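Dear colleague,

Please find below the structure that I am handing over to you. A summary of the findings follows it.

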Amino acid sequence: MEKNNKKRFVLVHGLCHGAWTWYKVKTYLEAEGHCVTAVDLAASGINMTRVEEIQTLKDYCKPLLECLSSDDDKVILVAHSMGGICATLAADMFPSKIFAIVFLTAFMPDTTNPPAYVYEKLIRSVPQEEWFDTVFGRYGKPDCPLEFALLGPKYMAKKMYQLSPVQGQEALVRKDTDPLHVYISYVKKILWNLKITNVG
């Protein structure tokens, strides 16, 4: 591939997943000559941050933000699911480093509501019994409650990986692995205006 056609991709995983979800896409793009980084957001994949350490959206997105701050190349951000919120934050903080953003069935925040709005809307739209073994929990201070979700193996098998071949289902939560977490704040006090200057 000619150097001027070579692109830099940064892949952002979705809810309760990690960089591992991009293994096929990453391999394909690299085989085509592109530079590819798949990040593990905080408390996700192999990132060892404890969910209790995450207090802001910036905390959750920190690995992505660090990735972008460490390089001067323009990137194509590819975000899936919940990763769309992090990609939006990153694009707002580093506009000169973003060539394009691809929202792959991803949450795309608006300029009116807080970042968690699309997540909250999704949670309310799914009947509780259809979440199967998904765990929702709270942590943090009573005046600033923070919430997390842990998608259970039954939920992922029935709702996310039901069309995957058996060989691809190793992505499901395996015995003796640390849970994959996702950070969401329902605190309406967080200022969200796509300038992100007051978050974190």
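Of the 200 residues in the chain, 44% are buried, where buried means under 20% relative accessible area with a 1.4 Å probe and protein chains only. The chain exposes about 11100 Å², of which carbon and sulfur atoms supply 55%; these areas come from the Shrake-Rupley method with a 1.4 Å probe. Please note that this is a predicted model, in which local features need pLDDT of at least 70 and side-chain atom pairs count only at pLDDT 80 or more, while totals for chains, interfaces and linings use all residues. Residues are numbered from 1 along each chain as its sequence is written, and side-chain values use heavy atoms, with hydrogens and water left out.

The secondary structure comprises five helices and seven strands. These are DSSP runs numbered from the N terminus, helices being H or I of at least four residues and strands E of at least two. Along the sequence, the pattern is β-α-β-α-β-α-β-α-β-β-α-β.

Four strands form an open sheet with parallel pairing, in the order β2-β1-β3-β4; two strands pair if DSSP finds at least two bridges between them. The edges are taken by β2 (35-39) and β4, each with a single partner strand, so one side of each has no neighbour in the sheet. On average, neighbouring strands of this sheet are turned by 15 degrees against each other, direction ignored. The angles are taken between axes, which are lines fitted to C-alpha atoms, for helices over the stretch in contact, and run from 0 to 180 degrees between N-to-C directions.

Five bridges connect β1 and β2, and V10 stands opposite T37 in β2. Strand β1 (residues 8-12) is joined to β3 by four bridges, with F9 opposite I76 in β3. Between β3 and β4 (residues 98-106) there are seven bridges; L77 has I101 in β4 as its bridge partner. Six of the seven residues of β3 (residues 75-81) are buried, so this strand is largely enclosed by the rest of the structure.

Helix α1 (residues 23-31) lies across β1 and β2, at about 165 degrees to β2. Helix α2 (residues 57-69) lies across β1, β2, β3 and β4, at about 170 degrees to β1.

In helix α4 (residues 117-125), the buried residues are Y119, E120 and I123. Seen down the axis of α4, they fall within an arc of 100 degrees, taken from the directions from the helix axis to the C-beta atoms, so they line one face of the helix.

With kind regards

Methods
Buried means under 20% relative accessible area, exposed over 50%, partly exposed in between (1.4 Å probe, protein chains only). Contact means heavy atoms within 4.5 Å.
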